[in-house]
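Hi,

Here is the structure I promised to pass on. Please open it and keep it beside this email.

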Amino acid sequence: MRTHRDLRVAELIREELGKMLARDFDFLGALVTILDVEVTRDLLHAKVKLGIIPRERGPEVFFKLKKAERMIQGALLRKLNIRPMPHISFGIVEE
């Protein structure tokens, strides 16, 4: 069962990361949405599940986000000031 703190941290990450993706990234013809953020109970890891349209652009978007992962992590740490800041990892939802 997820605790209130886990849910709140996940929601904060989802909100800030959504703003960051819209403001700082250009995915050239792809629509990228954050579907869910799952934070582990110890708050050390956060899995961000993405939806990408069109699906064929998924690997390109994933590569771009993976390359910028450290920058994203640092920006979230400065903005949210959460201790410990969960390590962000990205996953693409295939449906």
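Below are notes on its cavity and its salt bridges.

This is a predicted model, so local features need pLDDT of at least 70 and side-chain atom pairs count only at pLDDT 80 or more, while totals for chains, interfaces and linings use all residues. Residues are numbered from 1 along each chain as its sequence is written, and side-chain values use heavy atoms, with hydrogens and water left out.

**Cavity**

A cavity is a set of points on a 1 Å grid over the protein atoms alone, where a 1.4 Å probe fits but cannot get out. The count is one cavity of 30 Å³ or more. The largest cavity holds about 30 Å³ of space, a volume being the space filled by probe spheres set on the points. Lining residues have an atom within 4 Å of a point. Here they are Asp26, Phe27, Leu28, Arg57, Glu60, Val61 and Lys64. Three are nonpolar, none polar and four charged (Val, Leu and Phe count as nonpolar; Asp, Glu, Lys and Arg as charged).

**Salt bridges**

There are six in the structure. Each is a side-chain nitrogen of Lys or Arg within 4 Å of a carboxyl oxygen of Asp or Glu. Buried means under 20% relative accessible area, exposed over 50%, partly exposed in between (1.4 Å probe, protein chains only).

- Arginine 23 pairs with aspartate 24 at 3.2 Å, N to O. Arginine 23 is exposed at 56%.
- Arginine 57 pairs with glutamate 60 at 3.0 Å. Glutamate 60 is partly exposed at 42%.
- Lysine 66 pairs with glutamate 69 at 3.4 Å. Glutamate 69 is buried at 12%.

Best wishes

Definitions and conventions
1 Å grid on protein atoms, 1.4 Å probe; cavity = no way out; pocket = protein on both sides within 12 Å on 5 of 7 lines; lining within 4 Å.
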